[in-house]
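Work through the exercises below with the sequence and the model at hand. Each task is followed by a worked solution.

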Amino acid sequence: MRTLADEGQDAAALERYEKLAKLRPSSWLHADVRRRIEAGFLRSGDYAALADYYAAQVKQQPDEIELR
């Protein structure tokens, strides 16, 4: 996953993280995965994809304050 992100393959890395990261929203690992996903998008400069990612997350978890 990290290799995909390092190589700029953010969509593939995100898909892999989401498949593997069936984590509790309150866990530290969940927060770490979210931070890494965000860092990958920011590193690539793909702000539109980052916004889409967070919009999808808000749809799935509308009560999570951190996402907003």
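A salt bridge is a side-chain nitrogen of Lys or Arg within 4 Å of a carboxyl oxygen of Asp or Glu. The model is predicted, so local features need pLDDT of at least 70 and side-chain atom pairs count only at pLDDT 80 or more, while totals for chains, interfaces and linings use all residues. Residues are numbered from 1 along each chain as its sequence is written, and side-chain values use heavy atoms, with hydrogens and water left out.

**Exercise 1.** Find the salt bridges and state which residues they link in a network.

Solution. 

Step 1. Applying the cut-off gives two salt bridges.

Step 2. R35 pairs with D32, with 2.8 Å between the closest N and O atoms. R36 also forms a salt bridge with D32, and here the closest N and O atoms are 3.0 Å apart.

Step 3. D32, R35 and R36 are therefore linked in a network of salt bridges.

**Exercise 2.** How many aromatic pairs does a search of the whole structure find, and what is the geometry of the pair F41 and Y53?

Solution. 

Step 1. Rings of Phe, Tyr and Trp (its six-membered ring) pair if their centres lie within 6.5 Å; planes under 30 degrees apart count as stacked, over 60 as edge-to-face and the rest as tilted. The search finds two aromatic pairs.

Step 2. F41 and Y53 are 6.1 Å apart centre to centre with 35° between the planes, a tilted pair. F41 is in helix α3 and Y53 in helix α4 (residues 47–60), so the pair ties together parts twelve residues apart in sequence.

Step 3. F41 is buried at 5% relative accessibility, and Y53 is buried at 8%.

Step 4. Ring pairs join F41, Y53 and Y54 into a cluster.

How values were computed:
Helices (H or I, at least four residues) and strands (E, at least two) are DSSP runs, numbered from the N terminus. Buried means under 20% relative accessible area, exposed over 50%, partly exposed in between (1.4 Å probe, protein chains only).
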